[in-house]
Amino acid sequence: MLGTDHKGYSAFQPQSGIAIGFNDMKILEVHELLSSITCGTTYHCDFNFGWKIDRTIGAILKSVEQKQWVQVDTVDEKMIGVN
């Protein structure tokens, strides 16, 4: 559950347990990204994280195509655009 202990949440809601919208969440994400660039801090969503997401999506697509479960680590990287 989101609450005031989550960074930036209190800018949108006064107390815990009240949902924030998609656009509000994107504002918080962009703020974190730009802050990490300007302050030189680590941002949790880097290229390695994006690569893991891409592999997961590749496994999902392969699973749908084969109509069976697919392990993420067995996905052919060429299938997801990695050279």
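Q: Why does Gln 71 count as exposed?

A: This is a predicted model, and in it Gln 71 has 53% relative accessibility. The label "exposed" is given over 50%, so Gln 71 counts as exposed. Gln 71 is found in the segment after α2.

Q: How far apart are Gln 71 and Gln 15 in sequence and in space?

A: In sequence they are 56 residues apart, and from C-alpha to C-alpha they are 40 Å apart in space.

Q: What makes Leu 2 partly exposed?

A: Its relative accessible area is 28%. Buried means under 20% and exposed means over 50%, so a value in between makes Leu 2 partly exposed. Leu 2 lies in the segment before α1.

Q: Which residues is Leu 2 in contact with, leaving aside its neighbours within four places in sequence?

A: They are Tyr 9, Ser 16, Gly 17, Ile 20 and Met 25. A contact here needs heavy atoms within 4.5 Å.

Q: How do you know that the span of helix α1 agrees with its number of residues?

A: Helix α1 covers residues 22-39, which is 18 residues. At 1.5 Å a residue it should span 26 Å, and its end C-alpha atoms are 25 Å apart, so the two values agree. Just after α1 comes Gly 40, with a positive phi of about 75°.

Q: What is there to notice about the phi of Lys 67?

A: The phi of Lys 67 is positive, about 55°, although this residue is not a glycine. Most residues other than glycine have a negative phi. Lys 67 lies in the segment after α2, which covers 47-66.

Q: Why is Lys 67 called exposed?

A: Lys 67 has 73% relative accessibility. With the cut-off at over 50%, Lys 67 therefore counts as exposed.

Q: How does the radius of gyration of the protein compare with that of a compact globule of 83 residues?

A: The globule would be near 12 Å, but the protein has 18 Å. Along its principal axes, the C-alpha trace spans about 45 × 30 × 20 Å.

Q: How much of the protein counts as buried?

A: Of its 83 residues, 18% count as buried, the cut-off being under 20% relative accessible area. The protein exposes about 6,700 Å², and carbon and sulfur atoms supply 59% of that area.

Q: What does the secondary structure come to?

A: The protein has 2 helices and 0 strands.

Methods. Residues numbered from 1 in each chain as written. Predicted model: local features only at pLDDT ≥ 70, side-chain atom pairs only at ≥ 80, totals over all residues. Heavy atoms only, no water. Helix = DSSP H or I, 4+ residues; strand = E, 2+ residues; numbered from the N terminus. Rg over C-alpha atoms; globule rule 2.2 N^0.38 Å. Buried < 20%, exposed > 50% of the residue type's maximum accessible area, 1.4 Å probe, protein only. Areas by Shrake-Rupley, 256 points an atom, 1.4 Å probe, with all protein chains shown as cover. Expected span 1.5 Å × (residues − 1).
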